[in-house]
Structures are given as structure tokens and as C-alpha cells.
Amino acid sequence: MPFTTKPLKSLIADRIANRVVIIDQTLLPFAVERKILSSWQDCAEAIRAMRVRGAPLIGVTAAFGIALAMSKDATDESLFTACRDIAATRPTAVNLAWAIERMRRPLIAIDPAARPDAAWDEASKIAAEDETCNQQIGIYGLGIIREIYARTHRPVNILTHCNAGRMACLDWGTATAPIYLAHQAGVPVHVWVEETRPRNQGLITEWELAQAGVPHTYVVDNSGGHLMQHNKVDMVIVGVDRVSRRGDVANKIGTYLKALAARDNGIPFYAAAPTSSIDFSIEDGVPEIEIEERDRSEVAAIRGWDSNGSISEVRILKAETAVSNPGFDVTPSRLVTALITERGIFMPNQLAALATEVAI
């Protein structure tokens with residue numbers, strides 16, 4: 001991809017050194033620092049603390065965490081403990097449980113002596129598949145962007161929410177893959193990047209788009225509806241953390257409101273969804289998908305550059321102020337125009353037919 005600077009990898013697995021190197025995303029975009037994960041406990045901490053974030057990357061990190069566990073202790077007890085404790089780190093993104101089960105099932109069936117190599121092979125396969133998957137999502141999504149451009153004959157205005165980009169995956173991103181491919185193909189696009197409070201993941205999206213030279217504008221979360229009312233948005237595309245069998249979409253808190261505004265203004269709302277993010281065991285996402293309640297500190301403080309150019313954090317709430325901080329919400333399938341997967345574009349009511357095709 002024609003990035004103006006060489007794109008960074010969110011995760012690099014080093015089998016020889018028996019370690020995983022990540023970019024610590026709690027510091028982005030203010031500082032780019034790498035962190036070495038040398039145990040499954042390190043991987044669990046990185047997932048819990050959001051040093052890695054984004055459903056696909058969480059799954060890949062979990063897989064390599066199990067590979068690290070098997071390299072140090074390949075017993076059944078070690079495998080069980082690593083799978084159990086990594087799975088407990090974050091409840092909403094289904095890729096976490098999906099990747100752990102994909103690792104556990106073949107490993108438990110073979111001799112412990114063979115588990116280290118088998119674990120690294122399977123984790124590496126999951127990582128490689130993520131890159132291919134996201135590129136395919138990009139190809140299918142590009143078709144949608146081309147169709148809008150052919151109809152309007154002006155730059156296609158796309159609204160995003162949260163970061164479903166390269167830092168949330170191994171490459172390309174999910175929601176950003178069609179954008180990168182459109183830009184690469186010469187289809188003019190402009191991206192409205194929502195800040196996505198309270199973790200401000202929109203800052204990471206903005207940082208990524210700037211590296212790729214994609215025209216974009218950073219906006220506050222509550223401006224999305226206004227932009228739609230004034231015909232400044234042609235399509236909304238978001239990532240997903242979990243999708244129900246009937247097509248309900250769990251994504252970063254605030255996504256539901258964007259879908260409501262899109263429906264009211266006749267704007268298509270797309271979810272970029274790897275099939276690994278579809279939870280076929282859940283029918284109705286609103287009551288059944290567990291929503292992670294995160295720490296109040298994310299809401300009570302804001303980090304940024306101060307007037308001296310240093311990274312500072314300031315508190316905006318009193319210590320005694322009650323805070324609720326749900327990390328996600330669920331957009332009902334009736335508000336989802338279609339889901340863009342690596343297998344094609346599906347209406348929400350078509351997802352159930354994929355259940356047997358994508359079984360682990």
C-alpha cells in the first residue's frame with residue numbers, strides 16, 4: 001500500500017526468541033513504543049490493559065499467548081490455565097474465545113512434546129489468515145465505494161467510529177481496508193473520523209490515515225448526525241467486536257447512535273465483519289451479548305500534549321463523581337444495511353447460512 005511512511009506492524013511474533021513484540025497502543029498516537037511479551041501472562045495483561053485492541057488483534061495475541069505457554073510448559077494443566085485466564089481478560093470481543101478454542105482443540109489432542117511447535121504453527125496461521133481476511137473485506141467494500149462514486153461523481157464521504165484499522169488487526173484493518181484500497185485505486189474518498197470517547201481510538205484512526213495520505217477530518221462523536229443531516233456522509237462503516245446469528249452488531253459505545261442517525265437520513269450503514277467475529281450461539285445481540293464495563297478512570301481523565309509538547313493527563317471529574325463506562329453497545333440488525341465479510345457482502349438475515357461453513 002502506498003503509505004507516505006512505512007506502516008508499522010501492530011504485532012510481530014518471534015518464534016526463535018520465543019516472544020511477541022507489540023506496539024503499546026495505550027500510548028498512541030502520542031508515542032510509539034514497542035513492548036515485549038514473553039509469557040502468556042504478558043499477553044493476558046496486554047489484552048486486559050488495551051495495549052493491544054481491536055477484536056482481530058486480541059484474537060491473534062491470545063493465540064500467541066497460548067503458544068508462549070506451550071513453549072514453557074506443555075502440560076494439560078498449563079494449557080487449561082492459559083486458555084481460561086486469557087479468555088477472562090475481556091468479555092465482549094468474540095475473536096478472543098474463537099482464537100483460544102481454535103488453539104485448544106488441536107493441542108489437547110496431541111502429545112505434550114509436540115505442542116510447542118504445533119501451537120506456534122497454528123498461531124502463525126491465525127495471524128496470516130487475518131491479513132488475507134482483511135484484504136478480502138477491503139476488496140468487497142471497495143465495490144461499494146466505487147458504486148457510490150459512480151453515482152455521485154465526487155469524493156465519497158465515509159464516517160467511521162472507533163479504530164478498526166491496521167492497529168486493530170495484523171494489516172489493512174477491517175473498516176479501513178476498503179478505504180485504503182479505494183485510495184490506492186484512485187477513487188477519491190474523504191473520511192470523517194469520530195474521536196470515540198472515552199479512549200479516543202479515533203486518534204489512532206486519524207494517525208493511520210495520515211500515514212496513508214487519505215484525506216480525512218477529525219470530528220467529535222456527537223457531530224455524526226449533524227453531518228448526515230447536511231448530506232456530508234455517503235456511508236458509515238464500522239468494525240465489530242461480536243455479531244449475533246441474526247446480524248446484531250456489537251461495537252464501540254456510540255455505534256448504535258450512528259446507526260439510528262444513518263437510518264433517519266437514508267444513509268447506508270455497513271459493518272466490516274470477519275466471519276471469526278460472528279457468534280452463531282447468540283440470536284438476539286441486545287440482551288445476550290455481554291457488554292464490558294470498564295474502569296471509571298477512562299472517563300475521569302484525558303491524556304494529550306500540553307503546551308510544552310509533553311504528554312500529560314488531566315482529571316476532569318471529582319473523585320466522588322459516579323461514572324458508568326460501558327465499552328460497547330449493540331446495533332440491532334434492522335439498522336444494519338449489510339455486513340462486509342471476507343466471504344462476501346451479506347444482509348443480516350443471510351448470516352445464519354454461514355454457520356456450518358465457518359465452524360472451527
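# Close-up views of a predicted model

**The lining of the second largest cavity divides into three nonpolar, four polar and five charged residues.** Nonpolar covers Ala, Val, Leu, Ile, Met, Phe, Trp, Tyr, Cys and Pro; charged covers Asp, Glu, Lys and Arg; the others, Gly among them, are polar. About 50 Å³ of space lies in this second largest cavity. Its lining includes Thr196, Arg197, Pro198, Arg199 and Gln201. Lys252, Ile253, Arg294 and Glu298 line the second largest cavity too. Asn325, Pro326 and Gly327 complete the list. The model is predicted: local features need pLDDT of at least 70, side-chain atom pairs count only at pLDDT 80 or more, and totals for chains, interfaces and linings use all residues. Residues are numbered from 1 along each chain as its sequence is written, and side-chain values use heavy atoms, with hydrogens and water left out.

**The whole protein has 11 helices and 16 strands.** Its radius of gyration (over C-alpha atoms) is 20 Å, close to the 21 Å that the globule rule gives for 360 residues, so the protein is as compact as a globular protein of that length. That rule is 2.2 Å times the number of residues to the power 0.38. Helices (H or I, at least four residues) and strands (E, at least two) are DSSP runs, numbered from the N terminus. Along the principal axes, the C-alpha atoms fill a box of roughly 60 × 55 × 40 Å. Of the 360 residues, 56% are buried. Take the contacts (heavy atoms within 4.5 Å) between residues at least 6 apart in sequence: 75% of them join residues at least 24 apart.

**The largest cavity holds about 220 Å³ of space.** The structure has five cavities of 30 Å³ or more. A cavity is a set of points on a 1 Å grid over the protein atoms alone where a 1.4 Å probe fits but cannot get out; lining residues have an atom within 4 Å of a point. The largest cavity is lined by 27 residues; Gly54, Ala55, Asn163, Val240 and Asp241 lie nearest its centre. H2 and strand E9 (249–252) are the elements that give two or more residues to this lining. H2 gives the most, with three. By class, the lining has 14 nonpolar, eight polar and five charged residues.

**Helix H2 runs from residue 55 to residue 72.** Its 18 residues, at 1.5 Å a residue, should span 26 Å, and its end C-alpha atoms are 26 Å apart, which agrees. The expected span counts one less than the number of residues.

Of its 17 lining residues, Thr26, Pro198, Arg199, Arg303 and Glu313 are the closest to its centre. A pocket is an open set of points with protein on both sides within 12 Å along at least five of seven lines. Helix H7 (202–212), helix H11 (297–300) and strand E12 (301–305) each supply at least two lining residues. E12 gives the most, with three. The lining divides into seven nonpolar, four polar and six charged residues.

**Helix H6 (residues 177–185) has buried residues that pack against several elements.** The buried residues are Ala177, Pro178, Ile179, Tyr180, Leu181 and Ala182. They pack against helix H5 (115–152) and H7. Strands E4 (156–160), E5 (189–194) and E7 (235–238) are partners as well. Just after H6, Gly186 takes a positive phi of about 85°.

Key
Buried means under 20% relative accessible area, exposed over 50%, partly exposed in between (1.4 Å probe, protein chains only). Grid points are joined across faces, edges and corners, and a volume is the space filled by probe spheres set on the points.
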